[in-house]
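Below is a short note for a colleague who works with the coordinates directly. The points are numbered so that each can be checked in turn.

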Amino acid sequence: LPLRGGWPRGHSAIVMVLPALQVPLLSFVSPLLLIPAIAAACLFWSRRVEHQRQLLLTSAACAAVAAEPRRTIKRAAVLVNPHAGSGNGLRMYEGVVEPMLIAARVEFELHYTAGAGHARQICADLAKRMLTEAPFDVVISVSGDGMLHECLNGLLDGSADRSCPCSLAIVPAGSGNGVATSLYGRGHDAVHAMRRILLAPARPIDVLALRYLDEPASTPPTCDLHFACWACFADHDFLCEGPLRPLGPLLKMALAPLIVIGRCRGYSGVCDFEPAPLPAALSAAAAADYAAADELPPSPDVANMRRLEGPFWCWAVGNLSEGGGDTQPTPHAQPSDGAADLLVVQHKPTLSRWRVLQLFLAMESGNHVKDAAVRCYKVRRVRLNSGGNGHLQLSGQDIPNKSATEIEVLRGVASMRY
């Protein structure tokens, strides 16, 4: 160098200059620095392939619903959380929900949510409008479990008699998507969910009604379709939706369980519950996973209730089987049997971090309920005296944790399309 005709350009420069300098290309780049580049390329390619697959599925599904005579939805309200799942909500609406609604010739009204509590206000306004205008057949939530919780309470707030004026539906676009997985099954996607929503009839679903015992009985309860959690599950969801949320869905769902396992924290409290009979359709193997409530002492405070005393590592009331993130905290819970599943793990000296890790891993298949440390009861009503310690959550949404709360199962108060 210098060479005749000037400096080499483009790829010829790389071919000629580097051998001349006798420096291999990879000596400039540490192999460790190649790992994130390869991972980013693989992620980009997988998303591109998934996008193409979704376009094909959506096109086929649009043709199918357009030709299907069983469609039962004529008018719908669609609520989209554009920030759900790192922007997944907006992509699901534009790529799947809108084309399929148009193909099915459904008249729909679109609302974008701007933050926490906005979906509840929108649905309250919709319920008030339905008192005087043509009702909606369904309110479709394009988001995670938390926004469906807001939609339910908004519809109840706006109705004249605290009844749900129309059915609900969910298109999974959040991080956990426990409600959608419970209703549609594992391996579902937005296309599958929309086909079920458009073609399936509305089905009744039970509601968990939570109220505080220090408030007047006339105070409306806070309702939910999914889970009420305290102790470890509430700690996990608080981390996911709070401090770890900026890390993105994948990283926060990986770190939160590790933090909860590392803490292995117990919470003092007292739980009274009213047992419910096991459904007749329950298999013998599933029935064996439930503990016998009559072996517990009766509650000294409330008739027909049994008492469990803490400290508790885990306490949850599930109306559905899937908790989100491919976990089944209450694997035998049914959405419309008039009862819920109470899952408890008492914090004892034998509950080591290794044991807690094993329970977390077994939760993917639901086999944790077979562990001797885990007890599951079928219940109609539950009272929790937590002393205000820890977080209390409904579908991953933080609610005030007062000293004493009661959760009652209201059979078939709402309906969903799935």
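1. Basis. This is a predicted model, in which local features need pLDDT of at least 70 and side-chain atom pairs count only at pLDDT 80 or more, while totals for chains, interfaces and linings use all residues. Residues are numbered from 1 along each chain as its sequence is written, and side-chain values use heavy atoms, with hydrogens and water left out.

2. Cavity. The search of the whole structure gives 1 cavity of 30 Å³ or more. A cavity here is a set of points, on a 1 Å grid over the protein atoms alone, where a 1.4 Å probe fits but cannot get out. The largest cavity holds about 50 Å³ of space, a volume being the space filled by probe spheres set on the points.

3. Lining. Residues with an atom within 4 Å of a point count as lining. For the largest cavity these are Ala231, Cys232, Asp235, Val260, Arg263, Cys264, Arg265, Tyr267 and Trp313. Helices α8 (232-241) and α9 (249-263) are the elements that give two or more residues to this lining; helices are DSSP runs of H or I with at least four residues, and strands are runs of E with at least two. By class the lining has 6 nonpolar, no polar and 3 charged residues, where Ala, Val, Leu, Ile, Met, Phe, Trp, Tyr, Cys and Pro count as nonpolar, Asp, Glu, Lys and Arg as charged, and the others as polar.

4. Surface patch. Leu247, Leu251, Leu255, Leu258 and Ile259 make up a nonpolar surface patch with about 410 Å² of accessible area together. Such a patch takes residues with over 30% relative accessible area and no salt bridge, with nonpolar side chains joined within 5 Å; areas come from the Shrake-Rupley method with a 1.4 Å probe. Leu258 is found in helix α9 and counts as exposed at 56% relative accessibility (buried is under 20%, exposed over 50%, partly exposed in between).

5. Salt bridges. There are 20 salt bridges in the whole structure, each a side-chain nitrogen of Lys or Arg within 4 Å of a carboxyl oxygen of Asp or Glu. In one of them, Glu107 pairs with Arg75, with the closest N and O atoms 3.6 Å apart. Glu107 lies in strand β2 and Arg75 in strand β1, so the pair ties together parts 32 residues apart in sequence. Arg75 is buried, at 15% relative accessible area.

6. A loop-to-loop bridge. Glu322 and Arg186 meet in a salt bridge of 2.9 Å, N to O. Glu322 lies in the loop between β10 and β11 and Arg186 in the loop between α6 and α7, so parts 136 residues apart in sequence are tied together. Glu322 is buried at 5% relative accessible area, whereas Arg186 is partly exposed at 39%.

7. A strand-to-strand bridge. Asp272 forms a salt bridge with Arg307, the closest N and O atoms being 2.8 Å apart. The pair links strand β8 to strand β9, 35 residues apart. Asp272 is buried at 5% relative accessibility, and Arg307 is buried at 14%.

8. Two C-alpha pairs. Gly325, in the loop between β10 and β11, is 149 residues from Gly176 in sequence and 4.7 Å from Gly176 in space. Gln358, in helix α11, is 10 residues from His368 in sequence and 8.3 Å from His368 in space.

How values were computed. On a 1 Å grid over the protein atoms alone, a cavity is a set of points where a 1.4 Å probe fits but cannot get out, and a pocket is an open set with protein on both sides within 12 Å along at least five of seven lines; lining residues have an atom within 4 Å of a point. Patches are made of residues with over 30% relative accessible area and no salt bridge: like charges are joined within 9 Å, nonpolar side chains (Val, Leu, Ile, Met, Phe, Trp, Tyr) within 5 Å. Buried means under 20% relative accessible area, exposed over 50%, partly exposed in between (1.4 Å probe, protein chains only).
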